[in-house]
Structures are given as structure tokens and as C-alpha cells.
Amino acid sequence: MEERDAHFRHILLYHFRKGKNASQAHEKLCAVYENEALKERQCQNWFAKFRSGDFLLKNAQRTGRPVEVDETHIKAIIDSDRRSTTREIVEKLNVSHTCIEKKLKQLGYVKKLGLWVPHQLKEIHSTQRISICDSLLKRNEIDPFLKRLIAGDQKWIVYNNVNGKRSWLMQDEPAQTTPKAEIHQKKIMRSVVGL
């Protein structure tokens, strides 16, 4: 592509030095190269450069951030913390956000939400539940309160709620599992009882 563009620019410079204008040079290009020729506006832009005294045939260097980023740096950041956000990676590597997103897609990384798995009931918890049920049955023998219950539900409300985060994984990798939080010191039980 660059070689072809350079070839066209040499032809344009030749026509410029022959005293032709941009439209005439464009017609000559179209006669030979047909659909592959430069657009007339591009020819006009190059003729304007030639008139200003600029005869360099290469494109000027563009300003801005370079789009090249080392894949090993991205992999190292993700390997150190799978839950890194694209914003954190951008800040560490000092490149554009779209550049990071494209590289992550090229590398095959996708964001997956972790799965909550229920914690296993330990022996002490099951014995506590049995003893509570026994005490409620004994209390019911003295004061039959269970006949007055229609429905009941309970829920532990934890002050320290841990939100699941997305982590970077390869497309064929399963999502990471996170066990639900164990009993915390700061929590309350909400009971809903209908009579």
C-alpha cells in the first residue's frame, strides 16, 4: 500500500513539474490505473504541498500516542491480578483505552463474572440447628405457639457484603469460583413471620 502511494506521488510530482494541474494529473492516473488511482481530492492536496515548496513524498509523522503496546506487559498485569480493569491497565501502560481493548481481544481474553458457590455446612452448624429445633419443640409443649404460625422465613443480612467481580480469562476457561462468605461478626437476622 505504501509503495503504491509513493509511486502515485512520484507521478504527481512529475506532472507538477511538467506544468499540469491536479485535475489533469488525476485524469492521467485514472486513464492508466482506473479504480486503483488516487482520488482527485488527494491529488489536489499533494499539488498544494508541491506549490508550498514541500517536495517530500512521504507522509508526515502523526502526533499522538503510539498504538503499539507490548503484549507481554498486558499478560503480566493480568497474571498478577485477573480482576484488573481496563482503566487500570491503561494507567499502568499509558496507552489509549481502545488500544488495550483491541489487544485483549486479540489475545483472547474476555471478562467473566465469578460464580458464587454455597459454603458447606460444618458439623458444628448442623448440631446447633438440631439443638435449636429441640428447644423450640420443648417450648411448644409448654406454650403451643407453632399453631399460630402460618409462614416463616429468615435471612441473614451481612454488613460486609462482598460483590462478585469480573476477571480476565481466556474464552475457553471456566469462570472463577468464590465461596460465599462465612458467618461474620457484623450481621443481623431478619425474620418474617405471618400469623
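**Figure 1. Packing of helix H2 against helix H3 in the predicted model.** In this predicted model, helix H2 (residues 22-33) packs against helix H3 (residues 40-51) at an angle of about 130°, and their axes lie 9 Å apart. Because of this angle, H2 is oblique to H3. The crossing of the two helices, H2 and H3, is right-handed. On the H2 side, the contact is made by Ala22, Ser23, Ala25, His26 and Leu29; on the H3 side, Glu40, Cys43, Gln44 and Phe47 take part. Sorted by class, the residues of the contact of H2 with H3 are five nonpolar, three polar and one charged.

Figure 2. His26 is a residue of helix H2. Is His26 buried or exposed? His26 has a relative accessibility of 15%, and because buried means under 20%, His26 counts as buried. When residues up to four places away in sequence are not counted, His26 touches Leu38, Lys39, Glu40 and Cys43. Among these, Glu40 and Cys43 also belong to the H3 side of the contact between H2 and H3.

**Figure 3. Glu40 in helix H3.** Glu40 lies in helix H3. With a relative accessible area of 33%, Glu40 is partly exposed, whereas His26 counts as buried. Which residues does Glu40 contact, leaving aside its neighbours within four places in sequence? Glu40 is in contact with Ser23 and His26. The C-alpha atoms of Glu40 and Ala22 are 7.3 Å apart in space, although these two residues are 18 residues apart in sequence.

**Figure 4. Glu34 in the loop between H2 and H3.** Glu34 is found in the loop between H2 and H3. Its backbone angle phi is positive, at about 50°, although Glu34 is not a glycine. As a general rule, most residues other than glycine have a negative phi. With a relative accessibility of 58%, Glu34 counts as exposed.

**Figure 5. Crossing of helix H4 and helix H6.** The axes of helix H4 (residues 71-80) and helix H6 (residues 97-107) come within 11 Å of each other and cross at roughly 80°. H4 and H6 are therefore roughly perpendicular to each other. Which residues of H4 meet H6? Glu71, Ile74, Lys75 and Ile78 in H4 meet Ile100, Lys103, Leu104 and Leu107 in H6. The contact of H4 with H6 comprises five nonpolar, no polar and three charged residues.

**Figure 6. Crossing of helix H5 and helix H6.** Helix H5 (residues 86-93) also packs with H6: their axes come within 9 Å and cross at roughly 110°. H5 and H6 are therefore roughly perpendicular to each other. H5 passes H6 in a right-handed crossing. From H5, the residues Thr86, Arg87, Ile89, Val90 and Leu93 make the contact, and from H6 the residues are His97, Ile100, Glu101 and Leu104. By class, the residues of the contact of H5 with H6 are five nonpolar, two polar and two charged. Ile100 and Leu104 of H6 take part in the contact with H5 and also meet residues of H4.

**Figure 7. Asn94 in the loop between H5 and H6.** Asn94 is found in the loop between H5 and H6. Its phi is near 55°, a positive value in a residue other than glycine. Is Asn94 buried or exposed? Asn94 is exposed, with a relative accessible area of 54%. Glu34, in the loop between H2 and H3, likewise has a positive phi and counts as exposed.

Figure 8. Lys165 is found in the loop between strand E3 (151-158) and strand E4 (166-170). Along the chain, Lys165 and Arg83 are 82 residues apart, while their C-alpha atoms are separated by 6.8 Å. Not counting residues up to four places away in sequence, Lys165 touches Arg83, Lys112, Leu113 and Gly114. In the protein chain, among contacts between residues at least 6 apart in sequence, 75% join residues at least 24 apart.

**Figure 9. The protein chain that holds these views.** The protein chain has seven helices and six strands. From the N terminus on, these elements run α-α-α-α-α-α-β-β-α-β-β-β-β. Of the 195 residues in the protein chain, 22% are buried. The protein chain exposes about 15500 Å², of which carbon and sulfur atoms supply 52%.

Methods:
Residues numbered from 1 in each chain as written. Predicted model: local features only at pLDDT ≥ 70, side-chain atom pairs only at ≥ 80, totals over all residues. Heavy atoms only, no water. Helix = DSSP H or I, 4+ residues; strand = E, 2+ residues; numbered from the N terminus. Buried < 20%, exposed > 50% of the residue type's maximum accessible area, 1.4 Å probe, protein only. Contact = heavy atoms within 4.5 Å. Areas by Shrake-Rupley, 256 points an atom, 1.4 Å probe, with all protein chains shown as cover. Axes fitted to C-alpha atoms, helices over the stretch in contact; angles between N-to-C directions. Parallel < 35°, antiparallel > 145°, perpendicular 65-115°, else oblique. Left-handed = near helix turned anticlockwise from the far one by under 90°. Nonpolar A, V, L, I, M, F, W, Y, C, P; charged D, E, K, R; others polar.
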